[in-house]
Amino acid sequence: MIPFVIYQNKSRVAGEFGYWYARTVSTETIDLEALAKHMSQHHTPFSKGTIVGILADMVSCIKELLLEGKNIKIDNLAIFSTSLENRNGAPTAEDYTVQKNVKCIKMNALATGDLSKANLNLEASLQERSSYSSPKEGTGQSVNDGTGHSVTVNAGVGGKVTASPATAGVDQTVTLTIAPDSGYTLASITASDGDTNSIELTTVDATHRTFVMGSTNVIVTATFVAN
């Protein structure tokens, strides 16, 4: 069963403001060692340590090949590739430069085979999470799963951004503090959920932004430019 929660959209950027939607939630994050332990318990002749080493080498090689501009297809999992996110456009092709116009490089993962959207829709089942207060009629309560959701900050060269609190409950306000390095200024800062839906940021002052935590983890991306 894939657990989900029902939440109210409070962003005027994505979806219909004030409407209710469902979002999957994760009960646990499995790291490489935990994955290897899980695999070792499935009647394989390889030990957990051997599997950890193989997986670690695979991750390293995938990164190496991606940086060479190659796509990597792991059957029944995903096709990994890279793409560019542009900061802005250039009026002519001659004016376009990586330094001015490229915001960042991203890794993409396109599900394939057994994990394709069509197969997931056939095999997966959904169940509303029982450990949160459902907003459905009759409960009189808003979504709050009581566990809190994390804020991950990705900041480029030239400064840092800190989130307070770094883990927050549904409807709790999170404050982002922006600290450019000497000689740098903030170029952009955005927030999104695990589904890449934008989350509205409120400007408090030049070095602070806030947002209201929803029912999923949040990724904050900031870029800085030299003065």
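User: What kind of model is it, and how are residues numbered?
Analyst: It is a predicted model, where local features need pLDDT of at least 70, side-chain atom pairs count only at pLDDT 80 or more, and totals for chains, interfaces and linings use all residues. Residues are numbered from 1 along each chain as its sequence is written, and side-chain values use heavy atoms, with hydrogens and water left out.

User: How many helices and strands does the protein have?
Analyst: Four helices and 14 strands. Helices (H or I, at least four residues) and strands (E, at least two) are DSSP runs, numbered from the N terminus.

User: How much of it counts as buried?
Analyst: Of the 227 residues, 26% count as buried. Buried means under 20% relative accessible area, exposed over 50%, and partly exposed in between, with a 1.4 Å probe and protein chains only.

User: And the contacts, what share join residues at least 24 apart?
Analyst: 51%, among contacts between residues at least 6 apart in sequence. Contact means heavy atoms within 4.5 Å.

User: On to helix 2. What span should it have?
Analyst: Helix 2 covers residues 48–66, and its 19 residues should span 27 Å at 1.5 Å a residue; the end C-alpha atoms are 27 Å apart, which agrees. The expected span is 1.5 Å times one less than the number of residues.

User: Which of its residues are buried?
Analyst: Ile51, Leu55, Ile62 and Leu66 are the buried residues of helix 2. They cover an arc of only 35 degrees around the axis, so they sit on the same side of helix 2. The arc is that of the directions from the helix axis to the C-beta atoms.

User: What do they pack against?
Analyst: Helix 1 (32–40), strand 3 (72–74), strand 4 (78–86) and strand 5 (102–111). On the face turned away from the buried side, helix 2 carries the exposed residues Gly49 and Asp57.

User: In what order do the three strands sit in their sheet?
Analyst: The order is 3-4-5, in an open sheet with antiparallel pairing. Strand 3 and strand 5 stand at the edges with a single partner strand each, so one side of each has no neighbour in the sheet. Neighbouring strands are turned by 30 degrees against each other on average, direction ignored. Helix 2 packs on this sheet, touching strand 3, strand 4 and strand 5, and its direction makes about 145 degrees with that of strand 3. Axes here are lines fitted to C-alpha atoms, for helices over the stretch in contact, and angles run from 0 to 180 degrees between N-to-C directions.

User: How many bridges join strand 4 to strand 5?
Analyst: Nine, and the two run antiparallel. Two strands pair if DSSP finds at least two bridges between them. Ile79 has Leu110 in strand 5 as its bridge partner.

User: Ser81 next: buried or exposed?
Analyst: Ser81 is buried, with a relative accessible area of 17%. Ser81 lies in strand 4. Not counting residues up to four places away in sequence, Ser81 touches Leu66, Asn71, Lys106, Met107 and Asn108. Leu66 is also one of the buried residues of helix 2.

User: How many disulfides?
Analyst: A search of the whole structure finds zero, a disulfide being a pair of cysteine sulfur atoms within 2.5 Å. Cys61 counts as partly exposed at 40% relative accessibility, and Cys104 counts as partly exposed at 23%.

User: Last one, where is Leu186?
Analyst: Leu186 is in strand 11 (residues 184–193). Leu186 counts as partly exposed, at 23% relative accessibility.
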